[in-house]
Amino acid sequence: VDTNNHIASNEEFNHAASRHFRATTALCLAFIAYYFALLIGAAYFRVDFTAQVSGRVNVGLLFAISQYFVAGLVAWIYTRIMRETDRAMETFKQ
Amino acid sequence: MIIPSFVAAAVLAIAAVPAQALSSNVIPPNYQWLTLAVFAAVITITLGVTYAAARHDQTAAEFYTAGGGISGVKNGLAITGDYLSAAAFLGVSGLISIYGFDGILYLVGFFVAFVPVLLLVAEPCRNLGKYTLGDVLASRNDFRSSKFVAAISGTVVSIFYLIPQIVGGAVVIKALVGVEYEISVFITGALMLVYVVFGGMRATTWVQIIKAVLLLTTCFVLVILSWAPFGFSIHRLFDALATSLALQAHLAGLPSAGVSTDASTMAQKFFEPGLFLTKPLEQLSLGLALILGTAAMPHILMRFFTVPDAKTARSSVLWAMFLIGGCHLLIIAIGFSAAHYVGALKITALDKGGNLAAPLLAQFLGGGADSLMGNFLLAFVAAVAFATIVAVVAGLTLAAASSLAHDIYVGTIKNGNASPKEQVVAAKISAILVGILSIGCALLAKGQNVAHLVALAFAVAASANFPALLLTLYWKGCNTRGVLAGVIGGTLCSIFVVMVSPNMQYPVLLLADAEKTVTKTTVQIAQFETSVALAKTPEAKAKLVKAISDGKILITSTQQRIEGLRAGPRTSVVGLERPLVDLRNPGLISVPIGFLLVIFGSLFGRGPATSAVWDQVRVRRYTGKGRADATSH
């Protein structure tokens with residue numbers, strides 16, 4: 001437990017921790033904004049949402065389905081961030 | 001999961017249909033044996049894994065976390081089984097088959113919620129907690145009081161979510177198989193108790209894994225069978241759907257579809273927003289509760305304590321996102337297929353909420369109502385729906401039991417000093433209590449609309465648990481007083497807003513509606529009576545006579561309801577004539593209040609020397625160092 005307080009004052013730890021915190025917070029907020037854009041668009045931007053892109057498939061449908069793939073992309077970016085964080089934290093886990 | 005308002009959506013479709021409204025089940029009597037055989041097979045397999053799990057050592061760590069050694073793939077499958085409810089599988093595929101685009105919009109929220117789970121909650125919780133949310137909060141706040149409030153809100157969320165699952169499940173099982181409501185509640189309740197009490201987390205995990213595999217396979221098969229004739233072309237399916245007269249007739253009958261000059265424009269509305277979700281603020285409120293609440297649902301959080309380390313917690317969320325996302329996309333495809341093959345009119349004729357869309361599609365694809373294959377597929381889908389329900393309720397029962405036993409009994413009452421044996425006994429007794437309570441509530445709720453309980457469960461999770469959890473994890477200034485204020489205030493605020501919302505019954509408004517129905521129907525009958533004399537063919541005449549007698553029956557039954565309403569109280573249970581807040585889901589109000597309470601509570605209650613504790617939390621969050629080893633107990 002004492003070692004934890006020791007680690008907390010380590011510059012390398014703090015650097016990695018704040019880098020991780022900034023990256024994940026920004027990523028999460030960006031994704032929440034993307035989701036709310038869908039809800040707001042479906043309610044207030046009907047004209048844009050109903051524009052047909054290909055056959056009967058319209059912007060709204062593509063936007064809704066894209067949430068699944070954008071979430072996948074966010075998950076992938078997160079694993080990249082964590083690869084860095086894991087590497088930096090490895091030394092402190094021993 | 002029915003009223004064209006929004007929070008209610010998913011559960012109204014399942015929960016709000018009174019059992020007696022469904023005249024007969026969809027499986028023909030001569031194929032009942034097939035259904036029972038498939039049900040028996042599923043139940044036998046799950047009881048088999050429970051028997052195997054019961055042979056493991058009986059310790060608290062085994063009971064709550066299956067020993068903490070579950071792999072990422074298995075835990076991902078178990079999260080999928082824990083999370084995907086009958087509301088998502090049956091309710092949403094039905095919503096899409098009736099309302100098209102808006103069903104998708106509703107479903108997406110249940111998936112995107114896993115991004116905050118992955119990014120903010122899963123790994124830190126694994127590193128800071130042992131069995132429950134209360135453990136995580138107690139890692140830096142006062143042990144007894146933070147455990148106590150976390151347990152209260154955790155139990156509230158679990159039980160509020162549990163009851164509509166059992167009620168909705170029993171209604172659907174009755175519609176599908178014809179098993180009486182009470183029997184279905186008892187069987188579901190008894191099975192969930194057997195899994196949890198005898199097999200603990202190990203059996204619950206296996207039940208969830210089996211359910212996830214069954215559900216994914218079923219959805220996959222249904223999509224393959226229904227999309228193959230179109231060469232898996234979205235355009236060809238959509239075109240066929242849009243030109244079908246059944247869809248156009250259905251849309252013509254939907255008030256939200258409005259009027260269009262030509263059939264093609266009308267059909268296109270099925271692929272556009274606005275048929276079902278007509279209140280933007282309601283959508284935002286539900287969206288907020290979903291995206292934040294999921295990350296603080298006790299049965300989801302609990303799954304992160306079953307893995308050996310933070311990396312496995314991460315990979316299990318990644319697997320869960322992949323599987324849940326995949327299943328959602330299949331459900332969307334099933335919804336459109338059901339709209340094409342079965343048709344919204346037929347689906348709503350059998351169940352207003354559309355819950356029978358997927359089962360009816362399965363029956364059609366197998367060869368129809370008279371075929372062995374069609375009824376086998378239908379029986380299989382019904383059994384999968386049943387497995388879906390028991391897997392979710394088992395996870396919720398375990399979560400509620402862990403709150404009561406681990407946080408309240410062992411934590412608050414015994415201050416953490418309970419023998420290993422006492423801990424296991426407390427856990428099992430709590431599970432039995434939770435089971436009996438939910439079965440009792442489900443029996444009392446027969447024929448009632450319990451959809452607002454789902455709204456309430458997600459809202460309490462998002463406004464009480466989530467702000468306290470997030471700020472405990474990431475804000476240095478957070479302290480015990482803030483957590484207590486946030487959890488208690490967030491819970492009370494959510495309950496209060498729901499109590500004054502349109503979820504409650506307002507006799508004055510119901511009376512006005514009923515009187516309007518009588519006036520409107522009387523006018524219609526008068527019109528029909530004048531046209532009867534002018535009717536040219538006997539068929540048209542018979543149709544009008546039938547419409548007149550239907551209208552008279554409606555008037556009589558409505559007048560009886562009016563008398564009942566006049567005799568009863570004039571106000572809702574809290575004494576209101578009309579709702580104070582026009583939101584079915586309180587999230588938009590209660591989530592900001594929950595955050596503000598934690599922040600202001602912490603600022604005004606700043607205790608001494610939080611810095612050393614904060615350093616501990618920060619280091620443990622990243623490294624897991626200093627976390628009590630779950631398996632050592």
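## Fold of chain A

Chain A of this predicted model carries four helices and two strands. These are DSSP runs: H or I over at least four residues for helices, E over at least two for strands, numbered from the N terminus. The order along the sequence is α-α-α-β-β-α. Chain A is more spread out than a compact globule, because its radius of gyration is 20 Å, well over the 12 Å that the globule rule gives for 94 residues. The radius is taken over C-alpha atoms, and the rule is 2.2 Å times the number of residues to the power 0.38.

The C-alpha trace of chain A spans about 65 × 20 × 20 Å along its principal axes.

Of the 94 residues, 45% are buried (under 20% relative accessible area, 1.4 Å probe, protein chains only). Take the contacts (heavy atoms within 4.5 Å) with a separation of 6 or more: 65% of them join residues 24 or more positions apart.

## Helix α6 of chain B

Helix α6(B) covers residues 101-112. Its 12 residues reach 17 Å from first C-alpha to last, close to the expected 16 Å. The expected span is 1.5 Å times one less than the number of residues. α6(B) is mostly covered, with 12 of its 12 residues buried. Among them are F101(B), D102(B), Y106(B) and F111(B).

## Basis

Residues are numbered from 1 along each chain as its sequence is written, and chains are lettered from A and ligands numbered from 1 in the order in which they are written. Local features need pLDDT of at least 70, side-chain atom pairs count only at pLDDT 80 or more, totals for chains, interfaces and linings use all residues, and side-chain values use heavy atoms, with hydrogens and water left out.

Conventions:
Buried means under 20% relative accessible area, exposed over 50%, partly exposed in between (1.4 Å probe, protein chains only).
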